[in-house]
Amino acid sequence: MSRTLLSLSISTLLMGGTALADAPKVAVDIAPVHSLVAQVMQGIGVPKLIVQPGASPHEYSLRPSEASALQEADLVFWIGEDLAPWMEDAVETLATDATVTTLLETDDTLLLDVREGALFEAHDHGAAHDDHDDHDDHHGAEHTDDKDHGHDAHAHEDHDEDKHSDHEEHEHDDHADHDNHDGHAHGAHDPHAWLSPRNASAWLNVIAAQLSAADPDNAGTYFANASAARADIEALAADVGAMLDPVRGGSFIVFHDAYQYFEKDFDFPAAGAISLGDASDPSPARIAEIQGLIRAEGIDCVLAEPQFNLGIVTAILDGTEAKTGVIDPLGASLDPGAPLYPKLIRNMAQTLAECL
């Protein structure tokens, strides 16, 4: 190696070490969001993950190393208390010096109401279907320039959500006794918003902005990384749509109601969920509803999840011809890091395609 190349290599290593040393300390709640943050921080630093792969964010006990990551953090990115109610106190008491970003509360985040019933009637997805064509027509523009198009898109979504909210109010009345039997309490919005690639794309800009405010010297890198990641997500969404096209019209039930953001983005509705969105144990009445639907409608597929009891799905499938698979909304089997998010969304689509 020439002296010039050796000198350049040493300088690059030193610069890389300096960048990592000077990078903001960042803590992130779940692996999919950690992946988005890691993409934006590439070449500058590495965020720390709080909820470890394979664990449910709905209930979790912090390890000492994870508590230390919150204590030392300059920035914290998390979905919000609707997903991880236990984490609110941890953030408030441990991350006292950090800038905390609650992604569900950020501008341009599409929020969907919590679904209460076990069965999702076809007209529940009317609003999603109606604005899906508009979403497809403007998909590239949304991911290229969220600021220019975000308000127009959200004006349309607000109209759809108003209609959806009217239906939810009616549905809540119909299922009031059932919901009280489950003894469930939750926020107004479904917290599984990372399963919308559109939301993930919008969050990349939020993440870049917060990192740039904390580390202005590297702002250009953060925003360049975010732009590249948004382009990748646009391509990912197109690929997933193509993967799902051959099995559109297939009927499936999920283990817990975590997937309606994915359903809305890709106009691929589920027929029902065994458990509520917080993955609490389903009541006998809810299980009976699901079993009745499988038998009455000839449901094609019932999906389990690696984080939860597979025995419930096995019992529900008994005596039916429905297939089963394991769908993972968190990436339990994937290595945490920048590549996780696109792998997660692609794997979900592949699971659906194979099961249907």
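Figure 1. "Buried" here means under 20% relative accessible area, "exposed" means over 50%, and "partly exposed" is anything in between (1.4 Å probe, protein chains only). What you're looking at is a predicted model, where local features need a pLDDT of at least 70 and side-chain atom pairs count only at pLDDT 80 or more, while totals for chains, interfaces and linings use all residues. Residues are numbered from 1 along each chain as its sequence is written, and side-chain values use heavy atoms, with hydrogens and water left out. The side chain of E263 meets that of R115 in a salt bridge (3.0 Å, N to O). This pair links distant parts of the chain, with E263 in helix α11 and R115 in the loop between β4 and α5, 148 residues apart. A salt bridge, by the way, is a side-chain nitrogen of Lys or Arg within 4 Å of a carboxyl oxygen of Asp or Glu. As for the element names, helices (H or I, at least four residues) and strands (E, at least two) are DSSP runs, numbered from the N terminus.

**Figure 2. R115 also pairs with D257.** Their side chains meet in a salt bridge at 2.7 Å, N to O. D257 sits in the loop between β5 (252–256) and α11, and R115 in the loop between β4 and α5, so this pair ties together parts that are 142 residues apart in sequence. Both partners, D257 and R115, are buried. For R115, the relative accessible area is 3%. Salt bridges with shared partners join R115, D257 and E263 into one network.

**Figure 3. E66 and R63 form another salt bridge.** Their side chains meet at 3.7 Å, N to O. Which of the two is buried, and which is partly exposed? E66 is the buried one, with a relative accessible area of 3%, whereas R63 is partly exposed at 47%. Across the whole chain, the rule finds five salt bridges.

**Figure 4. Helices α10 and α14 run roughly parallel.** Helix α10 covers residues 219–244 and helix α14 covers residues 340–355; their axes come within 9 Å and cross at roughly 10°. That angle makes α10 roughly parallel to α14. How does the labelling work? Angles under 35 degrees count as roughly parallel, over 145 as roughly antiparallel, 65 to 115 as roughly perpendicular, and the rest as oblique. The axes are lines fitted to C-alpha atoms, for helices over the stretch in contact, and angles run from 0 to 180 degrees between N-to-C directions. On the α10 side, the contact is made by I233, L236, D239, V240, M243 and L244. On the α14 side, look for Y341, P342, I345, R346, A349, Q350, L352 and A353. By class, that gives eleven nonpolar, one polar and two charged residues. Ala, Val, Leu, Ile, Met, Phe, Trp, Tyr, Cys and Pro count as nonpolar, Asp, Glu, Lys and Arg as charged, and the others, Gly among them, as polar.

**Figure 5. Helix α2 packs against α10 at an angle of about 130°.** Helix α2 spans residues 31–41, and the two axes are 7 Å apart. The two helices are therefore oblique to each other. L36, Q39, V40 and M41 of α2 make the contact with T221, Y222, N225, A226, A229 and I233 of α10. This contact has seven nonpolar, three polar and no charged residues.

**Figure 6. A214 touches P24 and L75.** A214 lies in helix α9 (residues 197–214) and is partly exposed, with a relative accessible area of 46%. Leaving aside neighbours within four places in sequence, A214 is in contact with P24 and L75, where contact means heavy atoms within 4.5 Å. A214 and P24 are 190 residues apart along the chain, yet their C-alpha atoms are separated by 6.9 Å.

**Figure 7. D108 and D267 both have a positive phi.** Most residues other than glycine have a negative phi. D108, which is not a glycine, has a phi of about 70°. You'll find D108 in the loop between β4 (99–102) and α5 (126–137), and D108 is partly exposed at 25% relative accessible area. D267, also not a glycine, has a phi of about 50° and belongs to the loop between α11 (260–266) and β6 (272–275).
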